[in-house]
Amino acid sequence: MGSGNITNIERKLQNFRLEYNNVARKYNERVQMFPRNIVAKIHGFKLASYLTLGNQINQEAQKAYNNKELFEDIKR
């Protein structure tokens, strides 16, 4: 897998995130506007959260395993 493939994947992920966040923003605006906000509240519509990739996911992944433990198992 070359670096060009990784760049393409990252670009696709970024485009997906931007498109999703755009749809979520439009949805949130519609849910909050009068008179739709009344109907949305009656039917239990909630605000959509924005998609963020990177920080939180990477931090959780780093906490999931310890590099030393991983390599110690290989040495044995």
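Q: What counts as a helix here?
A: Helices are DSSP runs of at least four residues, numbered from the N terminus. This model is predicted. Asn28 lies in one of its helices, α1.

Q: How many helices and strands does the protein chain have?
A: There are 4 helices and 0 strands. Along the sequence, the pattern reads α-α-α-α.

Q: Is Asn28 buried or exposed, and why?
A: Start with the cut-off. Buried means under 20% relative accessible area. Asn28 has 8%, so Asn28 is buried.

Q: Which residues does Asn28 touch, not counting those up to four places away in sequence?
A: Leave out the residues up to four places away, and Asn28 touches Leu47, Ala48 and Tyr50.

Q: How much of the protein chain is buried?
A: Buried residues are 8% of the 76 residues in the chain. The chain's accessible surface is about 7,200 Å². Carbon and sulfur atoms hold 55% of that surface.

Q: Where do Glu29 and Arg25 lie?
A: Both sit in helix α1, which covers residues 3–32. They are 4 residues apart, and that is about one turn of the helix.

Q: Why do Glu29 and Arg25 count as partly exposed?
A: Partly exposed lies between the buried limit of 20% and the exposed limit of 50%. Glu29 has 40% relative accessibility, so Glu29 is partly exposed. Arg25 has 34%, so Arg25 is partly exposed too.

Q: Which residues make the nonpolar surface patch of about 370 Å²?
A: The patch is made by Phe34, Ile38 and Ile42. Take Phe34 as the example. Phe34 is in the loop between α1 and α2, and α2 spans 36–42. At 66% relative accessibility, Phe34 counts as exposed.

Q: Where is Lys46, and is Lys46 buried or exposed?
A: Lys46 is in the loop between α2 and α3, where α3 spans 55–64. Exposed means over 50%. Lys46 has 65% relative accessibility, so Lys46 is exposed.

Q: What separates the C-alpha atoms of Lys46 and Val31?
A: Check the sequence, then the space. Lys46 and Val31 are 15 residues apart along the chain. Their C-alpha atoms are separated by 7.9 Å.

Note on methods: Residues numbered from 1 in each chain as written. Predicted model: local features only at pLDDT ≥ 70, side-chain atom pairs only at ≥ 80, totals over all residues. Heavy atoms only, no water. Helix = DSSP H or I, 4+ residues; strand = E, 2+ residues; numbered from the N terminus. Buried < 20%, exposed > 50% of the residue type's maximum accessible area, 1.4 Å probe, protein only. Areas by Shrake-Rupley, 256 points an atom, 1.4 Å probe, with all protein chains shown as cover. Patch = residues over 30% accessible without salt bridge, like charges linked within 9 Å, V, L, I, M, F, W, Y side chains within 5 Å. Salt bridge = Lys/Arg side-chain N within 4 Å of Asp/Glu carboxyl O. Contact = heavy atoms within 4.5 Å.
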